[in-house]
Amino acid sequence: MAMYTSHPVSALPTAPPRETTGHLLLRAWCVFVLVLVLGGVAVVDAIGPTATGVVAVASVIVSAAVWVVVRPPIAARRLPFLAFGYVAWAGLSILWSAWPAASLLTWLLLAATTFQALFVGAVLTWRDVVGAVASAAKWVVGASLLFELAVALVVRGPLLPGFVRAAGDEDPIVFWSGGNLFGSGPLRGIFGNGDLLGAVMLVAIIVFAIRFAAHAPRRTLLWGWMAVAAFLFVRAASITAIVAAAFVVLVLATVLVMRTARRPGERTRWYALYAFLGIGGGAVLWFARDAIFDALGRGADLTGREGVWADVLARADQHLLFGWGFSTPWIATEPLIDGWIVDRGQTVVQAHSMWLDAYFQLGGVGVVLLALVFLAYVWRSWFFAVDRPRWDLRADRPYSPLTLLPTLIGALLVVQGLTDSAPLLLWGWTFVVLFGAKIKQSPLIGVGPAEQSMAIERGEFPQSGS
């Protein structure tokens with residue numbers, strides 16, 4: 001039967017572009033890769049280092065095969081050569097390393113992490129990168145809450161790595177989970193460490209908030225995810241994460257203020273004001289650390305970190321220029337590491353400062369290379385966030401909330417790196433390489449060879465800039 005309508009043909013609704021199955025699978029694989037780097041410590045605790053190594057190698061092989069098949073356009077001149085320089089120097093240190101086997105093993109981990117970061121940035125657009133990070137964060141947040149819930153309800157006591165029930169006479173430092181979900185003690189999530197849990201939950205809060213501001217689908221659910229991440233963040237009771245969160249808020253406020261500038265000299269005054277506040281706040285925090293940390297229930301020596309720093313610095317000074325050889329993290333079974341610095345019966349496997357760790361392992365040359373990597377990252381991510389998107393004469397395009405992610409993650413890593421070596425491996429290093437390379441390849445949302453080609457394939461307008 002014929003049907004008639006008074007509406008013109010031009011008024012008929014157009015179905016939104018549908019993503020191909022191949023792209024959905026590609027994005028799902030990238031989410032899996034990001035889950036591995038975000039929860040890598042948990043994977044080791046769950047299945048052991050050997051099995052984790054097998055998973056890591058297999059994931060790199062799959063990513064390499066996918067890269068060959070997808071063949072995303074890459075601007076060779078815009079690769080992150082400073083990060084490559086740090087990785088190359090770390091690999092070269094195997095030649096003079098005091099622990100060559102550990103150097104080779106941990107360097108392969110660094111190289112694999114670098115490759116995976118480049119892979120994710122190359123095959124996904126900016127929108128997909130932010131969405132993949134958010135999806136991976138949901139998996140980690142959900143897994144941490146369910147893990148703590150299972151330990152509290154089923155184990156009803158501390159749990160050791162490998163899903164072994166604690167006997168009761170172990171030091172709490174070795175627990176995977178203390179089973180404190182319904183108690184007053186700090187939580188560790190799937191990481192077995194409150195500082196790591198707090199940092200990753202802060203990452204989750206940042207990316208969820210950015211997705212919400214960008215009007216992502218199912219925004220109501222994002223409130224729920226943010227609430228769970230905030231709960232775990234608070235229960236982690238990590239002073240480092242709390243200080244990092246305060247710094248992230250300061251950086252966010254600064255970016256938003258900078259975006260309101262209308263005249264060339266207006267930003268200069270804001271830079272001066274925030275520099276004064278930052279330096280002044282840092283000085284107050286350092287000189288009043290005794291009172292502050294006592295009030296927070298922490299020792300003024302940063303939970304023993306000052307003693308670790310003194311020991312590491314004394315040994316690092318013996319090889320000023322080239323260091324002792326790369327090993328991030330330290331391998332506890334190495335003769336020169338085993339029993340060197342002990343905390344409550346456990347050998348310490350990091351310097352609790354990425355800068356001191358770089359100096360200890362790679363000498364002054366390594367510190368300079370690492371400083372250049374982070375300086376370039378912070379510089380690019382800052383202007384990626386504060387500059388209005390522009391590729392032609394039009395100067396009134398709206399800012400995108402997505403551009404906030406690299407600089408806010410950078411703020412977190414800078415603070416965390418002062419008292420922890422985590423930014424040198426797994427998700428910390430992944431984000432530095434991923435966002436740093438992505439900004440160089442596609443300095444505007446939706447603009448750049450890779451961005452445009454992938455957007456066109458999906459039927460999107462490539463230069464949206466939103």
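**Salt bridges, cores and helix packing in a predicted model**

Arg305 and Asp195 form a salt bridge (a side-chain nitrogen of Lys or Arg within 4 Å of a carboxyl oxygen of Asp or Glu), with 3.2 Å between the closest N and O atoms. This pair links distant parts of the chain, 110 residues apart, with Arg305 in helix H12 (residues 305-316) and Asp195 in helix H7. Helices (H or I, at least four residues) and strands (E, at least two) are DSSP runs, numbered from the N terminus. Arg305 is buried, with a relative accessible area of 9%, whereas Asp195 is partly exposed at 23%. Buried means under 20% relative accessible area, exposed over 50% and partly exposed in between (1.4 Å probe, protein chains only).

The model is predicted: local features need pLDDT of at least 70 and side-chain atom pairs count only at pLDDT 80 or more, while totals for chains, interfaces and linings use all residues. Residues are numbered from 1 along each chain as its sequence is written, and side-chain values use heavy atoms, with hydrogens and water left out.

The search of the whole structure found 3 salt bridges. One of them joins Arg27 to Asp128, with the closest N and O atoms 3.1 Å apart. Arg27 belongs to helix H1 (residues 21-38) and Asp128 to helix H6, so this pair ties together parts that are 101 residues apart in sequence. Arg27 is partly exposed, with a relative accessible area of 24%, and Asp128 is buried, with a relative accessible area of 3%. Another salt bridge is that of Arg344 with Asp171, where the closest N and O atoms are 3.7 Å apart. Here too the pair links distant parts of the chain, 173 residues apart: Arg344 is in the loop between strand E3 (342-343) and strand E4 (346-347), and Asp171 is in the loop between strand E2 (164-165) and H7. Arg344 is exposed, with a relative accessible area of 51%, and Asp171 is partly exposed at 26%.

The protein chain contains 16 helices and 4 strands. Of its 466 residues, 47% are buried. Among contacts (heavy atoms within 4.5 Å) with a separation of 6 or more, 72% are between residues 24 or more positions apart. The chain exposes about 22400 Å², of which carbon and sulfur atoms supply 69%; accessible areas come from the Shrake-Rupley method with a 1.4 Å probe, and for residues only the protein chains shown count as cover.

A nonpolar core is a set of buried Ala, Val, Leu, Ile, Met, Phe, Trp, Tyr and Cys residues joined through side-chain atoms within 4.5 Å. The largest nonpolar core has 101 residues, and Tyr86, Phe208 and Trp427 touch the most other members. Helix H6 (residues 126-155) gives the most to this core, with 14 residues. Another core, of 15 residues, lies apart from it and includes Val308, Ala316, Trp330 and Val348.

Tyr86 is one of the buried residues of H4, together with Ala83, Val87, Trp89, Ala90 and Gly91. Leaving out residues up to four places away in sequence, Tyr86 touches Leu110, Phe326, Leu362, Gly366, Leu369, Leu370, Val373, Leu424 and Trp429. The cover over the buried residues of H4 includes helix H5 (100-123), H13 and helix H15 (426-441). The 12 residues of helix H4 (residues 81-92) should span 16 Å at 1.5 Å a residue, and the end C-alpha atoms are 16 Å apart, which agrees; the expected span is 1.5 Å times one less than the number of residues.

For helix H8 (residues 219-236), the 18 residues should span 26 Å, in agreement with end C-alpha atoms 26 Å apart. The buried residues of H8 are Leu222, Met226, Ala229, Leu232, Phe233, Arg235 and Ala236, and they pack against H6, helix H7 (194-213) and helix H9 (239-258). Just after H8, Ala237 takes a positive phi of about 55°.

Leu82, Val368, Leu372 and Leu375 make a nonpolar surface patch of about 340 Å². Patches are made of residues with over 30% relative accessible area and no salt bridge; like charges are joined within 9 Å and nonpolar side chains (Val, Leu, Ile, Met, Phe, Trp, Tyr) within 5 Å. Helix H13 (residues 354-386) gives the most to the nonpolar patch, with 3 residues. Leu372, which lies in H13, counts as partly exposed at 36% relative accessibility.
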